[in-house]
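I opened this entry to keep track of what I looked up in the structure. The notes follow the order in which I checked things.

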Amino acid sequence: MVKFYCIAKRNWLVYRYPGDSFVIGTQLIVGEGQIAVFFKGGKAMDFLGAGTYTLHTGNIPILQSIINLPFGNTTPFKAELFFINRTVKLDLLWGTSDPISLIDPKYKVRLRVRAFGQFGMRISDYRVFLTELIGALGDREVVKYDMVLDYYRGVTVTKIKTLIADTIINKKISVLEIAPMLEELSKAAEASVSDEFSRFGIEIVNFYLSSINFPDEDFDKINKLLGERAAFDISGDHRYSVKRSFDVMETAAGNESDGGLASAGLGLGIGGPVGQAFAQSTERVFTTQPRQETVECGSCGHANKAGNKFCGNCGGKLAPARAQCGACGSEVDGRAKFCPECGNSMQKLQCPGCGHEHEPGTKFCSECGTRVGGEA
C-alpha cells in the first residue's frame, strides 16, 4: 500500500505534494492542525481533516464524480494535493522598513520614528485562502509564512505608520511619552490590519507594538534641548524661550545675504505680535537697571533721586519737579513762587494752629481743622 503525507516541520502555510498521480486504495495521512485538499482543473474538490485515510469513492466523492475510472478504480487519476497548516503561528515579527519623518509636538524637533512588534495568525477559512491567495503566490511547492508576510507588508506598514502619525501629530503626543499608549495602539493596529487579512481567509490572533523609537542621533537633539531648558529653568526669567528665539534667528541670519539680525527676522517672517513679543522678551533679559527719575536741587544744581526731600549735596530742601496750582489747576515748575497762569501764590501754607504744611489753595488744615487759607 502506498502512503503519502505532509512534511513534519510547521514553518509553512501551504505544502503542495510533489506529484499529481494517485491510485484508489492508497493511504493518505493528514496531521493534527492540517487540512488536505484535492484540486482538479484549478478548483478545490474534496477536503480531508486530520486522520489516516484509504482513498476510495466514499471520501473523495466530488473528485470521483468527474474522474473516469474504467479499470475497477485502480487506474491512477490526475489531481493536485495541497496540505494547509491551520495551527496558530504567534512569533511573526514586523517592522517599518523606513522611518516616519515628523515634528515632535513637544520638543519641536524633526524625528525619524520607527516601530517594531510581533503578531500571530492562522488560516481561518482555507477555502478562501486557497482560491484567493495561492494563485497570487505562484507555482511553489512550499508556501512559507515569509512569502505571505511579504505579500501583506506594504498594507500593514502603511496602516501602522498612519496610526502612529495620527497619534503624534493630531493628538499632540510626544514620541518620548508614547510608551504608555502601546497597548492602546496595539489594539487599534490589530483592528486596522485584521480586515485586510480576513479578506483572504487569514485571522490575526494578536498584534503587538513592542517599540516605537528613533535613532540615537535624534535622541541627542532632545537631550541637548532638555539640558538647555534645565539650565535656564534654574536662572528663570523665561530666558530659555528667548535663547531659542535667538538660535532660530541666528540660523536664519546665516542664510541671508547681509547677515544681520534684521534680515534674519525678515527671512523668518517675524512681525506684528510675534515681533512685539520677541522685543519684550529681549528687553526683559538685556535691561540691567530700570531708568531712574531725578530732581535737580534749586540751590546747587545737584541731581537727586526722585522722592528725596533734601539735597544730598548741600542739604537744601528739594521742590517737586512739577506742582499743581490750587487756584486754576495748571501744572507749573515746582520751584515757582507764583502761578504763571493766574498769579496765585505757590508757597506752602503753614497751619497757624499745628504748624502742618499744606499745598497752595488749601482752606482748612487736614490735621487740626484750623483755617489756613482763603477768606475767613
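Predicted model: local features only at pLDDT ≥ 70, side-chain atom pairs only at ≥ 80, totals over all residues.

Buried or exposed, I asked of P340? Its relative accessibility is 64%, and the cut-off for exposed is over 50%, so P340 counts as exposed. I then took the C-alpha distance from P340 to S330: the two are 10 residues apart in sequence and 8.8 Å apart in space.

Which residues touch the most other members of the largest nonpolar core? I found V113, M121, I164, F207, L209 and I212, in a core of 49 residues. Helix α3 (residues 145-170) gives this core its largest share, nine residues. I also noted a second, separate core of 15 residues, with V30, L55, I60 and F77 among them.

I listed the contacts of F207, leaving out neighbours within four places in sequence. The list holds W94, Q118, F119, T156, I160, S186, A189, E190 and V193.

Last, I recorded the totals for the chain. I counted eight helices and 20 strands. The chain has 376 residues, and 34% of them count as buried. For contacts between residues at least 6 apart in sequence, I have 54% joining residues at least 24 apart.

Terms used:
Residues numbered from 1 in each chain as written. Heavy atoms only, no water. Helix = DSSP H or I, 4+ residues; strand = E, 2+ residues; numbered from the N terminus. Buried < 20%, exposed > 50% of the residue type's maximum accessible area, 1.4 Å probe, protein only. Contact = heavy atoms within 4.5 Å. Core = buried A, V, L, I, M, F, W, Y, C linked by side-chain atoms within 4.5 Å.
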